[in-house]
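Hello,

Here is the structure we talked about handing over. Please open it and keep it beside you as you read.

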Amino acid sequence: MSRLIAVIQAIGFATYKEWAAFRSHMAASLLVGPVLFLVQVFIWQAMYNGKETINGFTYSQMLAYFGVVTLIHYISFDFADWNLQMLVRSGKFVTFALRPLPHWLFALAQKLGHRSLALWIEVLPVMALFIFVFGVNLKPAAPGWAILSIMLSFLMNFFINYCVGLTAFWLVRAEGVRRVFLLLKDVSAGVFLPLSFFPDMLQKILFFLPFQFITYLPTRVYIGDYELAGIHLSLGQAVLLQAVAVAAAAAITIALYNAALRRFTGVGI
């Protein structure tokens, strides 16, 4: 176990150094989050004109919601699906199939290194911008639960994206599937609108889908109040539910990965 941890740390550190050499590429994404947040500010200023609350959210709570959503996006950002599909399509995945370390664990170690760099290049600058320029209250209601929930969000986003990438073993060119899925994932995760704003029947469906555990649930835990489909959970209950969902996603990912290895034929070699 200690050797495995050392290998993961080495891969993560190598990825950190690799991306640090091209940190200007990552820094360019600093414009995206604040610009999208500014659009949300304009929209909700108009929506709250003459209103104290909308669907239980005050204006300040709504800004905090989208501020936290943006930060979670930077922390949990993942491209394992695109990278895996590229490796399968080009045939380069064969080099990973021969290694003792499963590729999904290698990809997770890479993400740890990549997002560690993002903490000081993307997350901290954007957080400072939201607090000091936009005046958003980003103080978590319960820091311990908030940090744990964001860590689980990090893992859930990886496992879901990696499962999407695994479709390349059956479809080879799965870019169209990937793009459609990512759009549906963001909608169902509460990126564009809090899930509690959807119709009751749709909320019940969204509650049982894994996507809320990427964005909506950790954002509500950060704010300090979880509710969806009429179900109210304490912060501890919400994080426990998220942890169970992440464990299930990990089990499904490993099962699909093993099935994909049996199908791999080295397309592109």
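**Where α4 meets α12**

In helix α4, the residues Q61, Y65, V68, V69 and I72 touch Y216, P218, T219, R220, Y222 and I223 of helix α12. Sorted by class, this contact holds eight nonpolar, two polar and one charged residues. Keep in mind that the model is predicted.

Now look at how the two helices lie. Helix α4 covers residues 59-76, and helix α12 covers residues 216-223. An angle between 115 and 145 degrees is neither roughly perpendicular nor roughly antiparallel, so α4 is oblique to α12. The crossing of α4 past α12 is right-handed.

Next, α4 on its own. It has 18 residues. From first C-alpha to last, α4 reaches 26 Å, close to the 26 Å expected at 1.5 Å a residue. Is α4 mostly covered or mostly open? Mostly covered: 14 of its 18 residues are buried.

**Where α3 meets α7**

Move on to helix α3 (residues 32-47) and helix α7 (residues 103-132). Their axes come within 10 Å and cross at roughly 30°. Angles under 35 degrees count as roughly parallel, so α3 is roughly parallel to α7. This crossing of α3 and α7 is right-handed.

Which residues make the contact? From α3 come G33, P34 and F37. From α7 come V126, L129 and F130. Five residues of this contact are nonpolar, one is polar and none is charged.

Last stop: helix α8, residues 143-166. Its 24 residues should span 34 Å at 1.5 Å a residue. The end C-alpha atoms of α8 are 35 Å apart, which agrees. Of the 24 residues in α8, 17 are buried, so the helix is largely enclosed by the rest of the structure.

Find F159 in α8. Is F159 buried or exposed? Its relative accessibility is 6%. Buried means under 20%, so F159 counts as buried.

What does F159 touch, leaving aside its neighbours within four places in sequence? The contacts are W104, V246, A249, A250 and T253. A251 and F159 are 92 residues apart in sequence. In space, their C-alpha atoms are 9.4 Å apart.

Best wishes

Methods. Residues numbered from 1 in each chain as written. Predicted model: local features only at pLDDT ≥ 70, side-chain atom pairs only at ≥ 80, totals over all residues. Heavy atoms only, no water. Axes fitted to C-alpha atoms, helices over the stretch in contact; angles between N-to-C directions. Helix = DSSP H or I, 4+ residues; strand = E, 2+ residues; numbered from the N terminus. Parallel < 35°, antiparallel > 145°, perpendicular 65-115°, else oblique. Left-handed = near helix turned anticlockwise from the far one by under 90°. Contact = heavy atoms within 4.5 Å. Nonpolar A, V, L, I, M, F, W, Y, C, P; charged D, E, K, R; others polar. Expected span 1.5 Å × (residues − 1). Buried < 20%, exposed > 50% of the residue type's maximum accessible area, 1.4 Å probe, protein only.
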